[in-house]
Amino acid sequence: MPPNAARPFSQTQPAVLSRGQIGKIVGLYALTGFLWILFSDEAIVALFPEPARFAFVSTVKGWIFVALTTLLLYLLLTRYGRHADALAPAPAEVRPGALRLVLAGLLPALAAGVQWSLWSIVSPYVWFLMFPAVFFSGWLGGWLSGLLATLLAIGLVWYIFIPPPFSFELAEPAQFVSMTLFLTMGVLFSYFHHRLHQLIATNRQLLNASESGYLTTLQSIGDAVVAVDAAGHIELLNPAAEALTGWRAADAVGKPLAAIMTIVTESGRSPLNLTPVLTGSGFVSDSGDWLLFRPNGADRPVRLCCAPILGTNGERLGAVLTFSDQSIQRAAEREREAKLRSLQLLDAIANGSSDAIFAKDSDGRYLLFNRAAEIITGKSAAEVIGRDDASIFPADLVAELKSNDRLILDAGQRVTVTEHLPTNDGEAIFMTTKGPLLADDGRIVGLFGIARDITELKRSQDELRQVHDRNQRYLDTVQTLMLALDMEGRVKMINRAGCALLGRADTDMAGRDWFLDCVPQPQGQRDLYPRFRKVLTGVQDARLDDEYPILTKTGETRMIRWHHKLLTDADGRLTGLLSSGEDLTERLQTQSTLDEKETLLRRLGAMAKIGGWRYTPASGALTWTDEVADILALAADAKPELDTLSSRLAPAERHILDQALRDAARHDTAFDLELAATGTHGNTQWFRVTGQALRDGTQIDGTLQDITERKHAELQLLKLSQAVEQSPESIVITDLNANIEYVNQAFVQATGFERAEVLGKNPRILQSGKTSPAVFGDLWQALQQGLSWQGEFINTRKDGSEYVELASISPIRDANGRISHYLAIKEDISDKKRLSEELSRHRRNLEELVAERTAELRLTGNYLQALIDNIPQLAWLKDIDGHLLAANRALADFSGMSIVDILGKTDAELYPPEIAERNRHMEQRAIETRARQTIEEYLPWQPGRIHETSRAPVIDADGRVLGTVGFSRDISSQKTWNANASEHAWPPRPPTAPKLRSWPT
């Protein structure tokens, strides 16, 4: 976003310290200083003419001036700077520019020149014009400028105006006191102006933060927001406006509003006029009668609101336009109109139908009654609409109709019934289809019905049925299936046994396509029908014996053995095929069932790990199924022997099995044992062995089942139950009505209630009444959604004492995924709560100590930054990853960036890749060797210049390398001098270092 995009918004925000407040501080302080200088010296000369007393009183006057101005400065800065300090995390760093330092030096010199020209008038006031020179130097440049101007002013006054003139001698000690007081005043002025510059910088920071907050708010608004300046040019588009207009904010900013969108009224297509809003003569209110045209020509109906942006003085800086897309609302309106047209069409169809069409609400009142229904009943729609069946039919019929309607509403399904209803022409038979009327949300709000008069059709069907029944009686005595097909394979006749086999009525079978409807596909159409046609056309002889399946109404397939005979008429022409069929299904199914049962038993035995065995005690013979061999990990052809199983058992277990076999043989009893055995891999294996004596104990049949997994599960369940019972946290299990079914021992100890006292009761017996009802509302809302809940309760023990519980409550689901119970795990956190409060108090004290230490560290950091800024060499400090942690002003000037901009960056972000890679290599070498690394290098952007660069590791007290520190200096001049000295010296001698002049400090 360009910086000017949000300028109108920031201009409307109040500053923390306004220019008027700053002017008050400066003016009041300056006025006090001027008045003191003008009148205090005159008063002292008049009151104390003696030189000795004059010097003493002048000293006292200076200290009084320092005290009063210090107090005044403190009061002013406290009054106007408190709010800024509260909002700003730290004062902004203020640095004077080179130009301001030059002006700071020129102002005292200029004041000295003017004062010298006016010396005959202003004498003996040696500081007359020096005070404003120092004051304005500090105002222009801040701390350093004020100090520089103070020192220059003292030097000029001392040398020129203090007797003896043009020397640095002092004729009277009082003059030294005067210079000391002026120095003190200059320091105070400098600090005062430095503080003012910091407050101004803080104002700018707060304005930027406020501007950022407003921009964030605009970016998150769901409606499209566009801001324009006073000339109508785009300054801001939020994301919603980008999506609506199809322009990116970066492309649109600075363009006229008309260049990125066209806004016209929907009715008259009049363009939007922003002039009244921008000039202050009006505004555009919220309205939905607008169209927005995008660059691609597509239009969107929008609701538009436009308001001016006002500056701090009420001037109009621009305007804000808010758009709300009305496309969805217009689509909904079109959908409603389409539904209305559909209803009108439905009404026209209903009134044009010869069938009676009606609709009722859920209370049985008519909502729709078409023209055909009016003719049949003799009642007009006006007489029926809004009334129930009692307005049309007799009372005994009304109850039956209402009962049928209620069944349809409850079932929610469409049904077709035959009804006998009175009409103007007498009683008639109607085939009526009724179904539920559904609202848009799926609710049943009534029912509809379509009734057709089938009186004549029923009469014709009755006559045909009588003829058919008379002919059918002859075939119904035959118990096999009798079937007659015409030349196209349609059913002409089928007897009662055939109808019963197919599960269809004879009337339903007449005229059916036999090979399509009654034979499984694709066999019927693909194989049987072509063969049937070949037989009837004489291409193929009819087979006397044939088998193929038929398909019943329920979808069941039955296998039939057929015998066929061709049918001819009196002239001998072929008319169809007569067939008799014998149902073989049960016979085939019986054999198939036996085979399937045997296979099923084997599969079930394998799945359940259970096998069968038979033992003959007299001979010791043993037989078993393959499943027993699988359980014992034996080959399928291994010889069954009792010792094979007994050898796996421990002696005690073996004795139990032998005794059970003997008792079963002697007493004709059964047994059921669970025995532990040793598996093939040395693991413990559990067997369930059951047996039942047969034939007076001469034979014992039984099963062998591997129950190792069940035993392991039982062991795990036992461990789990013990863990729950011995858990230090209270555990409660309730049913879906929150009635307690289980509590562990920790619950008994925590609450004082015995198990018998709480089983079957609601956990509300623990409530103290201090837990918020909203907590219970959230709890039940989560549980009803199948979610877990965690929170705190304030409960009461049996003895009345209160305690705080942290509870985690979750639903328990059964094997089908349905919630069957609720599980609560609760912990008494009363002591933890008290401890947490104490820790909070300690944490607050610690945070206060940390804040104090942070302030001290920040002050120390400022001192250190000032120290390294005065180093003429390039100096920097980096962390272990190469990020700049500190840098001096020389490095910032060398990089062409401010110190704030380069901190946190790596060399890869500041220099070309080859330079950054070389620097990183040297830093890694310094870290690995833990020694200083020094190189001489050329920089591409400074041809002919040579830099000597040193890098050293920064190691803490524990010996860990924290980062690197570096220094770099330009040694080009030294290199040139050394080269010249070596070239002209004879014999060659080592170059000597030039004498460097040090500047006085």
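**Helix faces, a surface patch and paired strands**

Modeller: The largest share of the nonpolar patch, 5 residues, comes from H7. This is a predicted model: local features need pLDDT of at least 70, side-chain atom pairs count only at pLDDT 80 or more, and totals for chains, interfaces and linings use all residues. Residues are numbered from 1 along each chain as its sequence is written, and side-chain values use heavy atoms, with hydrogens and water left out.

Colleague: Which residues form the nonpolar patch on the surface?

Modeller: Leu101, Trp143, Leu144, Leu148, Leu151, Leu152, Leu183, Val187 and Tyr191. Together they have about 730 Å² of accessible area (Shrake-Rupley method, 1.4 Å probe, only the protein chains shown counting as cover for residues). H7 and helix H8 (173–220) each supply at least two of the patch residues.

Colleague: What makes a group of residues a patch?

Modeller: Each member has over 30% relative accessible area and no salt bridge; nonpolar side chains (Val, Leu, Ile, Met, Phe, Trp, Tyr) are joined within 5 Å, like charges within 9 Å. A salt bridge is a Lys or Arg side-chain nitrogen within 4 Å of an Asp or Glu carboxyl oxygen.

Colleague: Why does Leu151 count as exposed?

Modeller: Its relative accessibility is 57%. Exposed means over 50%, buried under 20%, partly exposed in between (1.4 Å probe, protein chains only). So 57% puts Leu151 in the exposed class. Leu151 lies in H7.

Colleague: What are the classes of Leu140 and Val384?

Modeller: Leu140, in helix H6 (residues 130–141), is partly exposed because its relative accessible area is 33%. Val384, in helix H15 (residues 381–384), has 0%, so Val384 is buried.

Colleague: Which residues of H7 are buried, and how are they placed around the axis?

Modeller: Ser145, Gly146, Ala149, Thr150, Ala153, Ile154, Val157 and Ile160 are buried. Seen down the axis, they fall within an arc of 165 degrees, so they line one face of H7. The arc is that of the directions from the helix axis to the C-beta atoms. An α-helix has 3.6 residues a turn, so residues three or four places apart point the same way.

Colleague: What does H25 show?

Modeller: Helix H25 (residues 651–667) has 17 residues that should span 24 Å; the end C-alpha atoms are 24 Å apart, which agrees. Glu653, Leu657, Ala660, Leu661 and Ala664 are buried. Their arc is only 95 degrees, so they sit on the same side of H25. On the other side, Pro651, Ala652, Arg666 and His667 are exposed.

Colleague: What joins strand S17 to S18?

Modeller: Strand S17 (residues 610–616) has 4 bridges to S18, running antiparallel. Strands pair if DSSP finds at least two bridges between them, so 4 meets the cut-off. Trp613 stands opposite Trp624 in S18. The two strands form a hairpin with 4 residues between them, and Gly620 in the turn has a positive phi of about 75 degrees.

Colleague: Which strands pair with S6?

Modeller: Strand S1 (residues 224–229) is joined to S6 (residues 316–325) by 6 bridges, antiparallel. Strand S5 (residues 299–310) pairs with S6 over 9 bridges, also antiparallel.

Technical notes. Expected span 1.5 Å × (residues − 1).
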